[in-house]
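Here is a quick tour for anyone opening this structure for the first time. Have the sequence and the 3D view at hand, and let's walk through a few spots together.

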Amino acid sequence: MDKLYWLDQIKLQDRAKVGDKAFYLSKIIQRGYPVVPGFVVPAEILRQFLENLNSSESLVADLPHSSLHLDVTNWRQLQQVASRLRQEILTATVPQDWVNTIFQAAREWPTGCLILRPTLAVSTATPGMKNISGLLESVFCQCEPEAIASALKRTWSQIFRARSLLYWQRAGINLQQISLAVLVQPVENAIASGLLRANSSGWEIEATWGLGIAIALGEVQPDVYYIQQAVGVVEQQLGNKMLAYGVGDAAVGAFLEPVSKSALTPDHTCLNTYLLPEAQQKQYALQEEYLQQIIALGTQLVSELGKTFTIKWTIAGQTASSKLYITQVSSPHVITHAHFIRGLGAAGGRVVATALVIINQLQKPEELPQGVILVIPAIAPDWLPLLQQVGGIITEQGGLTSHAAILARELGIAAVVNATSATTLIKTGERLLLDGDRGEVYRLRGEGESGRGGEMERRKVAENPLHLPTSPSRPPFTPHSPMIATQLLVNLSQSSLIEQVQSFPVDGVGLLRSELMVLNILDGQHPNNWILGGRQAELLQRWSKQIMQFAHAFAPRPVFYRSLDWPQDLTSLSNNLPSSSQSMLGERGTFSYLQNPAVFELELQALASVQQAGYSNVNLLLPFVRTVEEFIFCRRKVEQALLTEVSQFQLWMMAEVPSILFLLPEYVKAGAAGISIGTNDLTQLLLGVDREQGQLGKVFNERHPAVMGAIAQLIQMAKSAGIPCSICGQAPALYPEIIDQLVEWGITSISVEPEAVERTYQAIARAEQRIILAAARRDLK
């Protein structure tokens, strides 16, 4: 455990790590309000704990990567799954160094009792996330190592209770979107506890004797005070308070002897339940001075939180030395002093920088200021040379497989797409915090987060552009990493990433995106303009040099070079060419080679130059092939360029146009040596979903049964034809839970972005181990 986050030190960029409950409390305590001190065990610790669960059950082994979307209408199955998951967590061992870190920090407090409060953050905003009151409960424990470990597991396990699983399913939330941290605070005996609800029409204060858990458990009917700010208390109602909670052996006030723990407090090992004398039951829990303190505190908070908020409070200690504390606050909009926009987290990382808003993406500037957060309606691939200067990207349009998302992930730039009205809500020059993991954008308002800490966060991202683990104790791969039989390849286009990626345990480059690769050498001109301008030889030299860098770095591992697949929106490179801007797809892929073969012939010459330089590991991948006739045309061009003279050379094609589901045997007869499934285009063409439209993409994505069925069919058809089948779309990286099925179906190789290599490697290893284990079990029968 690298770090605990103390409430008085939490920064804005820590919100996803510490959860909303702790984050809001931290903002209040840092403004000088009385808050019970505490620290947060960050959400990443739960993820590490789940990853290290030692279980042969596939449900548990794949837990960190599972969507956990069950058939919630099958109540028996839901209960069985929930029980099994919670039992796995509760019986597992928490690393001793984690427990010691928490124990040593908690020993600073004079109390022997702790409360562990779940503090949750969910990376995608949904209507169902407005109120999760009662879903996750606080856990009490003694300040002892064994008790802390048990309480920590009980807190974590709550996200797998049946009602939690039902909630996540109905709210459309995947487990990967949930960040559960744990706020640890000391527990003192309290004179009274309760809550204050404030709104524009009036306030309501609830109060009971002792600790507030009595209200949370519904075991008392609290006293209620109705407040009008201009008048004061306008009405009060005595509650029904037969019992109260305290800690240790010290009863509060006139409480009687504690009742047996097993009777009323089965899990709260440091709590006692006290029966109140009849006389005390008939008294209000709040003396007038305490009531006025709460009202005064609420009046102060209006300036911080606005007119509508809720706080939980406690009056700790004995009568002579009591103090009012805030234990929880709910008012997300004003407390952060930051307007935020939500979209889709397209590329991970956080960055603090100044916004640059461009309203019209068709008016591309010659350069962008270094390190800015670019805010723009949408991004076309020809923006790539400019994007290498920016610190973050926000687009109003686009889904997880849009051009902006793909470019950002490859370049290691934090990005949020589908952020509605971003160019209207954000102004150039504003200081922003962009959280690409959670899909959120914050406007900073001079609280200090935009200063030194923000710059350090941006430098951290810049120094680690692929967002790989930086801790020396957890390297991406070790000599003890399991061997895998399924080939793992990497998608690339930028030579600047070669040095970082070539040492990865990958079997080669599964997708070298030529259209992005050459944008760095075209000087803003379409290749056709170079040819018409008599500069073909110069362009050929540049093109060959680019490909050769990848061939050299990965030799003898294969590099699958995908020839140009110009989308119709590269307007800045297409001014001298016939336009097909009225078409959603344009003259994409190999069809454009028939219309204008000169550029394709230049590509083939570049590949021939690479072969002549002694590299035999570069293969050709044809994009967006619609018909067998197009493939045959391209194969003949390849033969004319003498590429097939090198025995190792292979001509593959992308499997992304749905017609291949019917024509694959014909393509194999025509000479296709392999296929690579492009899930991005396959999904949008099968489901009629534009990949640039993020809202549709949330529902209609690669996990749709029609898409998964098509993938399974392609793998089986390739096996029957005796050719390899790879997959190079975004699906395995975005939804690692489908890797199990890909491996089981017999996929030859999986190619992903650099940032997804580690988790894909581990997912493949788990899938293969499960298949081996299942086969062994069958043999034993």
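At roughly what angle do the axes of helix H5 and H6 cross?

## Helix H5 against helix H6

The answer is roughly 105°, with the axes of H5 (residues 96-106) and H6 coming within 9 Å. Angles of 65 to 115 degrees count as roughly perpendicular, so that is the label for H5 and H6. Keep in mind as you look around that this is a predicted model.

Who touches whom here? On the H5 side you'll find Gln96, Trp98, Val99, Ile102 and Phe103. They meet Pro145, Ile148, Ala149, Leu152 and Trp156 in H6. Sorted by class, this contact has nine nonpolar residues, one polar and no charged ones.

## Helix H4 against helix H6

H6 (residues 145-157) also packs with helix H4 (residues 75-91). Here the angle is about 160° and the axes are 9 Å apart. Anything over 145 degrees counts as roughly antiparallel, so H4 is roughly antiparallel to H6. The crossing of H4 past H6 is right-handed.

From H4, the contact involves Arg86, Ile89, Leu90 and Thr91. Their counterparts in H6 are Lys153, Arg154 and Ser157.

## The barrel

Now for the strands. Eight of them close into a barrel, and if you trace it around, the order is S23-S24-S25-S26-S27-S28-S29-S30. The pairing is parallel. On average, neighbouring strands of this sheet are turned by 30° against each other, ignoring direction. As background, strands of a sheet pair through backbone hydrogen bonds, either parallel or antiparallel.

Which residue in S30 is the bridge partner of Ile727? It's Ile750.

## Aromatic pairs

Last stop: the rings. The model has 10 aromatic pairs. One of them is formed by Tyr225 and Tyr284, with 5.8 Å from centre to centre and 45° between the planes, a tilted arrangement.

This pair links distant parts of the chain, as its two residues are 59 residues apart. Tyr225 is in strand S8 (residues 223-228). Tyr284 belongs to the loop between helix H10 (278-281) and helix H11 (288-305).

How values were computed
Residues are numbered from 1 along each chain as its sequence is written. This is a predicted model: local features need pLDDT of at least 70, side-chain atom pairs count only at pLDDT 80 or more; totals for chains, interfaces and linings use all residues. Side-chain values use heavy atoms; hydrogens and water are left out. Two strands pair if DSSP finds at least two bridges between them. Helices (H or I, at least four residues) and strands (E, at least two) are DSSP runs, numbered from the N terminus. Axes are lines fitted to C-alpha atoms, for helices over the stretch in contact, and angles run from 0 to 180 degrees between N-to-C directions. Angles under 35 degrees count as roughly parallel, over 145 as roughly antiparallel, 65 to 115 as roughly perpendicular and the rest as oblique. A crossing is left-handed if the near helix is turned anticlockwise from the far one by less than a right angle, and right-handed if clockwise. Contact means heavy atoms within 4.5 Å. Rings of Phe, Tyr and Trp (its six-membered ring) pair if their centres lie within 6.5 Å; planes under 30 degrees apart count as stacked, over 60 as edge-to-face and the rest as tilted. Ala, Val, Leu, Ile, Met, Phe, Trp, Tyr, Cys and Pro count as nonpolar, Asp, Glu, Lys and Arg as charged, and the others, Gly among them, as polar.
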